[in-house]
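Subject: Structure for your review

Dear colleague,

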Amino acid sequence: MRILFLGDIVGLPGRKAVIRDLARVRDEESIDLAFANGENASGGYGLKAKHARELLKAGLDGITGGNHIWKYKDLYSLLDGDGRILRPHNYPDHLPGSGVRVFRKEGLPPVAVINLIGRTFMPPIDCPFAAAETVIDALPADVPVQIVDFHAEATGEKIAMGYFLEGKVSAVVGTHTHVQTNDPKVLPGGTAYLTDLGMCGAADSCLGMKPEIILDRYLTGLPRQLEAASGPGVLQGAIFDIDDTTGKAVSMATFQRG
């Protein structure tokens, strides 16, 4: 099967790019399932319920989250009620939603998506490595394909997760830093890996945000509220092929559409 995973959707330009191009990309690239990280889709921080529904209607099969997923409380009922929207699994169990979902689409084998968040340079949280191991051990035996979105700041922590899960899952993709990395590979154990998928947001921006505000913060040291940039959006992510009988990755490549 062929899977598209898009990087963090940032603000209106990112949402517009997904709505405008996703259906065409799915058709042109023969995509079976499409996912994206949506934790920055509403104004650059958080995900409103109406925007989550909008993105799912545009053709995403599922949306993963990160540290900003909790900003808008109207999403909480969707996290509990719509399994297509995930939040990092290593948050406490009593919080809304879940970080693992098995997607069952007619004509395809079951696919598990696991959402985790890192700890290095991030708020204190339970160990993502232990959480990953627990989740994988608990997956049903009939789920050959498992994809992990590791939402983390440090490249070293992401690479470590790739090797930790090598041969145990089909793919490990990194999100959060909004800069697409040039290290797509299939690890020897059959796990597709990319340190960061990049972002879906304004092409002329600083990580999807207005550059002038970020420059002012650096030049003055004063706090400024960041704002999503405007202008034409770019799609970034990865496309990977998985042997749906063994769950092993066959290929992994970055994807970009301007």
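The notes below go from the overall fold to the individual strands and helices, and then to a loop and the cysteines.

Overall fold

Please bear in mind that this is a predicted model. The protein contains 6 helices and 13 strands. Its C-alpha atoms fill a box of roughly 55 × 40 × 35 Å along the principal axes. The radius of gyration is 17 Å, which agrees with the value near 18 Å that a compact globule of 258 residues would have. Buried residues make up 55% of the 258 residues. Of the contacts with a separation of 6 or more, 64% are between residues 24 or more positions apart.

Strand β12 and its partners

Strand β12 covers residues 233–242. It is largely enclosed by the rest of the structure, because 10 of its 10 residues are buried. In a regular strand the side chains alternate between the two faces of the sheet. Both faces of β12 are covered: one side has G233, L235, G237, I239 and D241, the other has V234, Q236, A238, F240 and I242, and all of these are buried.

Several strands pair with β12:

- β1 runs antiparallel to β12, and 5 bridges join them. Within this pairing, I3 has F240 as its bridge partner, and L6 stands opposite G237.
- β11 (residues 199–202) is also antiparallel to β12, over 2 bridges. Here G201 stands opposite V234.
- β13 (residues 249–257) is joined to β12 by 8 bridges, again antiparallel. F240 stands opposite M252 in β13.

β12 and β13 form a hairpin with 6 residues between them, and G247 in the turn has a positive phi of about 80°.

Strand β1 (residues 2–6) is itself largely enclosed by the rest of the structure, since 4 of its 5 residues are buried. The bridge partner of L4 in β3 is A34.

The open sheet and its helices

An open sheet of 6 strands has the order β5-β6-β7-β8-β10-β9, with mixed pairing. Its edge strands are β5 and β9 (185–186), each of which pairs on one side only. Within the sheet, β7 and β8 (residues 171–175) pair in the parallel sense over 5 bridges. H151 has T175 in β8 as its bridge partner. Helix α4 packs on this sheet, touching β5, β6 and β7, and its direction makes about 160° with that of β6.

Which residues of α4 (residues 128–138) are buried? They are P128, A131, A132, V135 and I136. Seen down the axis of α4, these fall within an arc of 125°, so they line one face of the helix. The face turned away from that buried side carries the exposed residues T134, D137 and A138. The cover over the buried residues of α4 includes β5 (100–103), β6 (111–117), β7 (145–151) and α5 (155–164).

Helix α5 lies across β6, β7, β8 and β10 (192–194), and runs at about 170° to β8. Its buried residues are E157, K158, M161 and G162. Viewed down the axis of α5, they fall within an arc of 145° and therefore line one face of the helix. These buried residues pack against β6, α4, β7, β8 and β10.

The loop residue R104

R104 lies in the loop between β5 and β6. At 52% relative accessibility, R104 counts as exposed. Neighbours within four places in sequence aside, R104 is in contact with P110, P140, D142 and V143. R104 and H176 are 72 residues apart along the chain, and their C-alpha atoms are separated by 27 Å.

Cysteines

How many disulfides does a search of the whole structure find? It finds 0. For C206, the closest cysteine sulfur is that of C200, at 17 Å, which is too far for a bond. C206 counts as partly exposed because its relative accessibility is 27%. C127 likewise counts as partly exposed, at 26% relative accessibility.

With kind regards

Technical notes: Residues numbered from 1 in each chain as written. Predicted model: local features only at pLDDT ≥ 70, side-chain atom pairs only at ≥ 80, totals over all residues. Heavy atoms only, no water. Disulfide = S-S within 2.5 Å. Buried < 20%, exposed > 50% of the residue type's maximum accessible area, 1.4 Å probe, protein only. Arc of directions from axis to C-beta. Contact = heavy atoms within 4.5 Å. Pairing = 2+ DSSP bridges. Axes fitted to C-alpha atoms, helices over the stretch in contact; angles between N-to-C directions. Rg over C-alpha atoms; globule rule 2.2 N^0.38 Å.
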